[in-house]
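Q: I'm new to this one and would like a close look at a single part. Could you walk me through the salt bridges?

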Amino acid sequence: MNLTTTEPAEVSDTLSGGSQRGDRVFHGLAFAAGASIMVALAGVFIFLAIRGAAGFSAATGLYQPYTSFVPYAAGLLFGTALVAVLAMIIAVPFAVGVALFLTHYAPRPLSTVIAYLIDLLAAVPSVVFGLWGLKALGPALLPIQRWLNEHLGFIPFFAGEVSATGRTVFLAAIVLAIMVLPITTAICREVFGQTPRLHEEAALALGATRWEMIRYAVLPHSRSGIIAGTMLGLGRALGETMAVLLVLNASGPKITWHLLTSDNPATIASNIAQNFQGENIDLQVVLLATGLVLFVFTFLVNFAARWVVIRSERKFQ
Amino acid sequence: MAKSIDVSDLNIYYGDFLAVEGVNMTVKARSVTAFIGPSGCGKSTFLRSLNRMHEVIPGARVEGKVVVDGQSLYDPSVDPVAVRRQIGMVFQRPNPFPTMSIYDNVLAGKRLNAKKVKKSEADALVEKSLRGANLWSEVKDRLDKPGMGLSGGQQQRLCIARAIAVEPEVLLMDEPCSALDPISTSAIEDLIHELKSDYTIVIVTHNMQQAARVSDDTGFFNLKATGEPGHLVEFNPTKKMFTAPDNDATEAYISGRFG
């Protein structure tokens with residue numbers, strides 16, 4: 001302690017000192033970081049809107065097999081949503097099951113190892129998943145696809161003539177399911193692990209088995225987290241490009257519920273990747289317009305998910 | 001319905017750590033038994049070993065015997081889930097299921113035991129349990145509202161209603177009033193007096209006046225020394241404990257000359 005600091009003037013200097021400057025700088029940095037997200041998002045939207053605007057009403061020949069933008073984009077959007085939703089139908093039960101196993105069944109050392117391996121799955125590049133799906137998983141799943149067609153062919157999903165290569169919506173959905181598994185599992189694991197001990201013990205003390213305890217305490221607590229994990233996975237599945245491009249034998253935009261045939265709907269992202277390299281500038285503009293459709297669609301999906309989460313949280317408060 | 005509990009040479013461990021050592025006692029049926037003692041002396045741990053809730057924590061285990069009505073709880077053939085259905089528990093902080101209504105909270109345990117409960121039966125059971133917990137008149141018009149909307153004291157009585165709805169033989173209470181205000185506390189104490197005629201009640205409390213008010217027998221737990229396991233110092237009728245205890249340490253603790 002310095003003697004001079006006892007003088008009143010010095011003290012007031014210390015009180016009004018530099019700590020506020022640091023505060024202001026940090027406030028500015030944090031604000032800039034937050035704002036940059038908005039800027040980036042707006043930038044992408046504006047880019048797509050300006051460059052793609054002409055694509056909404058281009059020459060009719062560009063929208064093959066259709067003649068205008070709306071059915072063309074609708075067909076692509078259908079393919080995108082079909083593959084992504086199927087992937088989530090497969091992935092979510094798996095993710096919830098794996099996450100429950102890791103948090104409530106597996107012994108600690110085993111659960112650490114498995115959690116690490118699942119995180120590793122997220123680090124595999126999508127092109128590798130694509131090649132694996134194309135060369136290994138596709139042929140391996142062919143008998144299953146044939147079996148489904150033969151025995152469950154009366155269900156429209158499994159009807160039609162089975163693709164000889166196995167590069168179907170069915171295969172694409174399975175590959176996508178594996179790809180979104182890590183993110184959905186990670187979120188579920190996080191929220192399951194945060195279930196208040198108090199509620200778990202409330203169920204156990206009533207004589208609940210482990211599964212009953214999960215149903216009474218863990219799942220109700222985690223509902224919004226499961227939805228959030230599902231939506232993050234869905235976001236990834238909707239935008240996945242490379243794996244779908246490799247795995248799916250797509251024949252352009254179309255609406256069909258047949259999952260096992262060689263005549264499959266393209267997705268927006270794979271359709272862009274497939275056709276953007278061409279010389280046709282006008283087609284590129286149309287593809288940018290479909291990119292805008294995908295952007296808005298994923299935005300709406302996320303928006304709807306937030307709304308569901310908020311509503312289910314508010315219901316019991 | 002109510003049953004006595006015989007504990008002999010019970011050692012309770014967390015992994016390799018011996019938390020409570022060598023407990024012997026007999027808890028009488030249809031009476032209130034209170035455990036007092038300083039924090040960390042193992043009284044809650046001991047309470048949780050009486051319905052096998054202790055082993056919920058990874059690595060936790062016990063040695064010795066706990067016998068309820070001739071049946072050893074830690075016999076290998078005994079299912080801990082079945083034990084907990086017979087020996088109910090009320091926790092330190094009220095813990096109604098947050099996503100369930102008052103009605104469903106009361107029925108939660110019943111629905112675990114029997115898959116289908118008839119509507120008329122369920123209604124009757126909810127009313128009986130809530131009346132048993134002195135909560136009926138306060139909530140009868142809003143049974144479909146979430147249990148979390150009640151005050152802390154009401155939530156705790158809801159938890160008691162939930163516990164007695166499955167008609168357990170023993171009711172364990174782990175500091176049930178420590179998060180409540182004096183009025184709610186007094187409501188719960190009155191309730192304990194009434195429940196005594198049907199249930200064997202074991203209560204852990206930090207409040208010595210509470211132990212003196214509600215219990216018939218009192219056990220005093222203490223650590224042998226810092227870092228040593230907790231043990232049961234004295235177990236006697238409450239009247240004797242608070243007037244002429246056998247052990248000097250008990251007298252020192254009760255009269256506030258602790259340490």
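Is B:Glu55 buried, partly exposed or exposed, and what is its relative accessibility?

A: B:Glu55 comes out as partly exposed, at 27% relative accessibility. Here buried means under 20% relative accessible area, exposed means over 50%, and partly exposed is in between (1.4 Å probe, protein chains only). Keep in mind that this is a predicted model, where local features need pLDDT of at least 70, side-chain atom pairs count only at pLDDT 80 or more, and totals for chains, interfaces and linings use all residues. Residues are numbered from 1 along each chain as its sequence is written, chains are lettered from A and ligands numbered from 1 in the order in which they are written, and side-chain values use heavy atoms, with hydrogens and water left out.

B:Glu55 pairs up with B:Arg52 in a salt bridge, with the closest N and O atoms 3.0 Å apart. A salt bridge is a side-chain nitrogen of Lys or Arg within 4 Å of a carboxyl oxygen of Asp or Glu. B:Arg52 is buried, at 10% relative accessible area.

There are 20 salt bridges over all chains, so let's look at another in chain B. B:Lys196 bridges to B:Asp216, with 3.2 Å between the closest N and O atoms. These two sit 20 residues apart and link distant parts of the chain. B:Lys196 is partly exposed at 21%, and B:Asp216 is partly exposed too, at 28%.

Over in chain A, A:Glu201 and A:Arg197 meet at 3.4 Å, N to O. A:Glu201 is buried at 8%, while A:Arg197 is partly exposed at 40%.

Definitions and conventions: Helix = DSSP H or I, 4+ residues; strand = E, 2+ residues; numbered from the N terminus.
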